[in-house]
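Work through the exercises below with the sequence and the model side by side. Try each task before reading its solution.

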Amino acid sequence: MNKVILMGRLTRDPEIRYSQGEQSTAVARYTLAVDRRFSRNNGQDQQTADFIGCVAFGRSAEFAEKYFRKGLKIVITGRIQTGSYTNRDGQKVYTTDVVVEDQEFAESKNASSENTGGGFAPMDRPSPSAAGDGFMNIPDGIDEELPFN
């Protein structure tokens, strides 16, 4: 089985091209910065990112062109595809991309604009803060809002 699920931020606006021929198809290429956590010396958590190339076709590509911008946090599912080509210098270049099958927003527009420097006001609802143990603190009085009590 070849299945990939990634959540990360776009490193730049998607590049859109159209295939040649009678039935031209939109092709969107973008790179996701996906956080990676690992433990280093003295048990300190260091966070880095992997930069993963993604390619979407057809309506998914058109959606990416219309709504995706640099810094936006998205979730994608797809499959890994490898390939190769010979560059202008005659050297063989190997490629690895994620072919996008599904893509979704991973945060609200307000949260996105805060992270990308937009000027939108944050939501009125208090946001839960992260505790030192890695779990979120649930604000008091939220039980009435949960649909599955």
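Predicted model: local features only at pLDDT ≥ 70, side-chain atom pairs only at ≥ 80, totals over all residues.

Residues are numbered from 1 along each chain as its sequence is written, and side-chain values use heavy atoms, with hydrogens and water left out.

**Exercise 1. Aromatic rings**

Task: Describe how the rings of Phe63 and Tyr67 are arranged, and then do this for Phe63 and Phe68.

Solution. 

Step 1. A pair of aromatic rings is described by the distance of the centres and the angle of the planes. Rings of Phe, Tyr and Trp (its six-membered ring) pair if their centres lie within 6.5 Å; planes under 30 degrees apart count as stacked, over 60 as edge-to-face and the rest as tilted. The structure holds six aromatic pairs.

Step 2. For Phe63 and Tyr67 the centres are 4.8 Å apart and the planes make an angle of 45°, which is a tilted pair. Both residues belong to helix α1 (residues 59-67), where they are four residues apart and so separated by about one helical turn. Helices (H or I, at least four residues) and strands (E, at least two) are DSSP runs, numbered from the N terminus.

Step 3. Accessibility comes next: buried means under 20% relative accessible area, exposed over 50%, and partly exposed in between (1.4 Å probe, protein chains only). Phe63 is partly exposed at 29%, and Tyr67 is partly exposed at 41%.

Step 4. The ring centres of Phe63 and Phe68 lie 5.6 Å apart with the planes at 90°, so this pair is edge-to-face. Phe68 is buried, with a relative accessibility of 0%.

Step 5. One aromatic cluster is formed by Tyr30, Phe63, Tyr67, Phe68 and Phe105.

**Exercise 2. Salt bridges**

Task: For the salt bridges of Glu107, Arg29 and Glu101, find the partner and the parts of the chain that are linked.

Solution. 

Step 1. A salt bridge is a side-chain nitrogen of Lys or Arg within 4 Å of a carboxyl oxygen of Asp or Glu. There are six of them in the structure.

Step 2. Glu107 pairs with Arg9, and their closest N and O atoms are 2.9 Å apart. This links distant parts of the chain, 98 residues apart: Glu107 is in the loop between β6 and α2, and Arg9 is in strand β1 (residues 4-10). Glu107 is buried at 18% relative accessibility, whereas Arg9 is partly exposed at 26%.

Step 3. Arg29 meets Asp97 at 3.5 Å, N to O. Arg29 is in strand β3 (residues 26-39) and Asp97 in strand β6, so the bridge ties together parts 68 residues apart in sequence. Arg29 is partly exposed, with 39% relative accessibility, and Asp97 is buried, with 18%.

Step 4. Glu101 bridges to Arg79, with 3.9 Å between the closest N and O atoms. Here strand β6, which holds Glu101, is tied to strand β5 (residues 73-86), which holds Arg79, and the two residues are 22 apart in sequence. Glu101 is partly exposed at 44%, and Arg79 is partly exposed at 30%.

**Exercise 3. Strands β5 and β6**

Task: State how β5 and β6 run and how many bridges join them.

Solution. 

Step 1. Two strands pair if DSSP finds at least two bridges between them. Strands β5 and β6 run antiparallel and are joined by 13 bridges.

**Exercise 4. The nonpolar core**

Task: Say which residues have the most contacts inside the largest nonpolar core, and which strand gives the most to this core.

Solution. 

Step 1. A nonpolar core is a set of buried Ala, Val, Leu, Ile, Met, Phe, Trp, Tyr and Cys residues joined through side-chain atoms within 4.5 Å.

Step 2. The largest one has 18 residues, and Tyr30, Leu32, Ile74 and Ile76 have the most contacts inside it. At least two residues come from each of β1, β3, β4 (45-57), α1, β5 and β6. Strand β3 gives the most, with five residues.

Step 3. Contact means heavy atoms within 4.5 Å. Beyond its neighbours within four places in sequence, Ile76 touches residues including Val4, Leu6, Tyr30, Leu32, Cys54 and Val98.
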